[in-house]
Amino acid sequence: MQKNIKNTRINKLMAISVTGLALGGFALAGCSATAEEELTVTDPWVRSEAGDMTAMFGEIENTTGSDLLIDSIETEVADTVEMHEMVEDDSGNMIMQEIEGGFTIPAGETLVLEPGGDHFMFMGLHDELLAGDTVTVTVHFDEGEPLTIEATVKDFPGGNEPYGDEHDEHGGDHDSDEHGDDHDHDDSGDH
Amino acid sequence: MAESGSPSRRQFLLGGAAAATAGVAIGIGADRAVLAAQSAAEAPHGETVEPFFGAHQAGIATDAQAYATLLAFDLREETDKAALRRMMSILTDDAARLTQGIPALADSEPELALHPARLTITFGFGPEFVTRAEGSAPAWLAPLPSFRIDALQEEYSHGDFFVQVASDDPTTAAHAVRMIVKDTRGFAAPRWQQRGFRHSHGTFKPGVTMRNLFGQVDGTGNTVPGTDDFDYVVWSNDGWLAGGTSLVLRRIRMDLDTWDHVGRSDRELSVGRRLDNGAPLTGEEEHDALDLSATDAGGRPVIPPYAHARRARSDDPRERIFRRGYNYDDPPEGGGDENSGQLFMSFQADVDAQFVPLQRRLEELDLLNLWTTPIGSSVFAIPPGCQEGGYVGETLLE
Ligand code: HEM
Ligand SMILES: [Cu+2]
């Protein structure tokens, strides 16, 4: 959390940078990768959670010049990390499901992970994730070096993501009462 | 995937610049370009930012913004030193972004963050915060001694953690308050919120002294930010508080109904200053010297013994404070039709050495006491500022 890494989001007009952000160093093995060919990660954050599952958000910009395919993701704080997208179910509700084959990030484009949209899903949290903690996440691509991201944990009450019963529809085997409203701290001893 | 869904924050930030470039690219005429440059020079006030990082926190020496929301919280039982570190890291990040017009991390209303209008967010610690941080508190970090004139209400007093959110735009301020409240929630429960205002941005030229709701020019006899004197009066040199200061916040009700019965000349005598321009009764212009020894033809002091400005001035140069208050005008309570006053705020290096003696003098004698009643009182330690990569409170918490 004390890492002093440049906030890639802030342009020259607003020449400041703030804490808690990550710049992922990246080079494509086997290609003619130069130093500028980096992946840029902006504002990575993970929703604080006392239950079994949570999600990571942020933006990953592919400045490498080649298309990228995310192969797998790992973190020390959860058993597994899945790549999820939001889709409409038969009754018109938005639910999340694992994306087939993983996220691709075409050259020059940005993968936007945001509440209510694409996200990295942490399943089987080992410990409670507390606001202000930092979580290390490693993203493996189908080729090249992995990307390491330091994400800030934040309390986040909204986003309208069906973490509750709906989540089971894509094969989760967790108790629905472990997520959803229980990260609302109003009456809480969560922290 | 990329750029789908809601616009990314990068788009917010780059949108203006991209549009400007496009204007040049399509080759607008020279006159129009000059006009565009002129209006760009007069960018809307919403884009004006106050720096966040620095030796001192912003929001103290900062020329006072039009609106302020003051918030106090009580720490939750389980909030220990490690939790305070996490809390202050998160809140520092929020403040560093929002004050520069950048949405907070996980900001649900990012559009509301884009026009800071000199937004500042200032943090303060009550005694319990310092205890939980296992730090040593300055002796003055405690409720003030009681004063005869006080009629204090708990709901406007004290607290473990304090935040001042101030901006020239009330919508911006409300959003920043919301973000701070959401990110404090896990660590502390709201205790009170008090809102104050001054003249709007643009009503006067910058540097004009505000008026309070008695109609008085209020803030003339004040040490001036940017001077050695200000540094001497305001900033502490003490341990983790070095570069910080103390805040005394007094919610002082002003009884506009009884004030209505006072004639203009008595109103001026009660302070020792004129109402039209704030000049001392011994001078012509606002900043003319207040001559406490001047007498009239009959040998009586021009500035009466009971006058507020006389009583508020001590012979001891250490007994001075920096006042940066706000008016309040809230909905009437309990069947009354009036609920106005002043969020009196003063910053000083040492509350006991500087503020308390002045308040004692005013308690003993001050004609303004007839129409004013302190109904809330709090004291907070305001830690120093931080540099990029650090956080407010690190001198206490690390
Ligand atoms: C609602 C309550 C109050 C009102 C309406 C009020 C109003 C004023 C006014 C009109 C002046 C003269 C203009 C100026 O120099 O700013 C003044 C001066 C001052 N007031 Fe107050 N005041 C209040 C409470 C207090 C309190 C509680 C303190 C401190 C304990 C205080 C300390 C001072 C000081 C230090 C000055 C400057 C004196 C000097 O010229 O050296 N005031 N106040
Ligand atoms: Cu999911």
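Of the 191 residues of chain A, 53% count as buried, where buried means under 20% relative accessible area, exposed over 50%, and partly exposed in between, with a 1.4 Å probe and protein chains only. The model is predicted: local features need pLDDT of at least 70, side-chain atom pairs count only at pLDDT 80 or more, and totals for chains, interfaces and linings use all residues. Residues are numbered from 1 along each chain as its sequence is written, chains are lettered from A and ligands numbered from 1 in the order in which they are written, and side-chain values use heavy atoms, with hydrogens and water left out.

Chain A has zero helices and ten strands. Helices (H or I, at least four residues) and strands (E, at least two) are DSSP runs, numbered from the N terminus. The elements of chain A therefore read β-β-β-β-β-β-β-β-β-β from the N terminus on. A contact means heavy atoms within 4.5 Å. Among contacts in chain A with a separation of 6 or more, 64% join residues 24 or more positions apart. The accessible surface of chain A is about 8,200 Å², and carbon and sulfur atoms hold 43% of that area. Accessible areas come from the Shrake-Rupley method with a 1.4 Å probe; for residues, only the protein chains shown count as cover.

Chain A also supplies a metal site. The copper ion (ligand 2) is coordinated by A:H84 (ND1), A:M96 (SD), A:H119 (NE2) and A:M121 (SD), at 2.0 to 2.3 Å. Donors are N, O and S atoms within 2.8 Å of the metal (3.2 Å for Na, K and Ca); water is not among the atoms, so sites may look incomplete. Along the chain, the donors of the copper ion (ligand 2) follow the spacing H-x11-M-x22-H-x1-M. A:H119 and A:M121 are both buried. The arrangement is tetrahedral because the four donor atoms around the copper ion (ligand 2) subtend angles of 88 to 127°. Four donors count as tetrahedral if all angles lie between 85 and 135 degrees. The ideal angle for four tetrahedral donors is 109.5 degrees.

Contacts in chain B between residues at least 6 apart in sequence join residues at least 24 apart in 78% of cases. Its accessible surface comes to about 17,000 Å², with 52% belonging to carbon and sulfur atoms. The iron atom of ligand 1 has a single donor from the protein, B:H308 (NE2), at 2.0 Å. B:H308 lies in helix α9 (residues 308–311) of chain B.

Helix α5 (residues 170–184) of chain B has 15 residues. Its first and last C-alpha atoms are 21 Å apart, close to the 21 Å expected at 1.5 Å a residue. The expected span is 1.5 Å times one less than the number of residues. Eleven of the 15 residues of α5(B) are buried, so this helix is largely enclosed by the rest of the structure. Among them are B:H175, B:M179, B:K182 and B:D183. The cover over the buried residues of α5(B) includes β10 (147–154) of chain A, together with β1 (67–75) and α3 (81–98) of chain B. At the N-terminal end, B:D169 caps α5(B), with a side-chain oxygen 2.8 Å from the backbone nitrogen of B:T171.

Helix α10 (residues 351–364) of chain B has 14 residues, which should span 20 Å at 1.5 Å a residue; its end C-alpha atoms are 18 Å apart, which agrees. Its buried residues include B:V351, B:F355, B:L358 and B:L362. They are covered by elements including α6, β5, α9, β8 (340–348) and β9 of chain B. B:D350 caps the N-terminal end of α10(B), where a side-chain oxygen lies 2.9 Å from the backbone nitrogen of B:D352. B:D350 and B:D238 are 112 residues apart in sequence and 9.8 Å apart in space, C-alpha to C-alpha. B:D238 sits in the loop between α6 (228–234) and β5 (245–254) of chain B. B:D238 is exposed, at 51% relative accessible area.

B:R251, in strand β5 of chain B, is buried at 2% relative accessible area. Its side chain makes a polar contact with the side chain of B:D330 at 3.0 Å. A polar contact is a pair of N or O atoms within 3.5 Å; within protein, one must be able to donate a hydrogen and the other to accept it, and residues adjacent in sequence count only if both atoms are side-chain atoms. B:T372 belongs to strand β9 (residues 372–382) of chain B and is buried at 14% relative accessibility. The side chain of B:T372 reaches the backbone oxygen of B:L368 at 2.9 Å.

Technical notes. Tetrahedral: all angles 85-135°; square planar, octahedral: opposite > 155°, others 65-115°.
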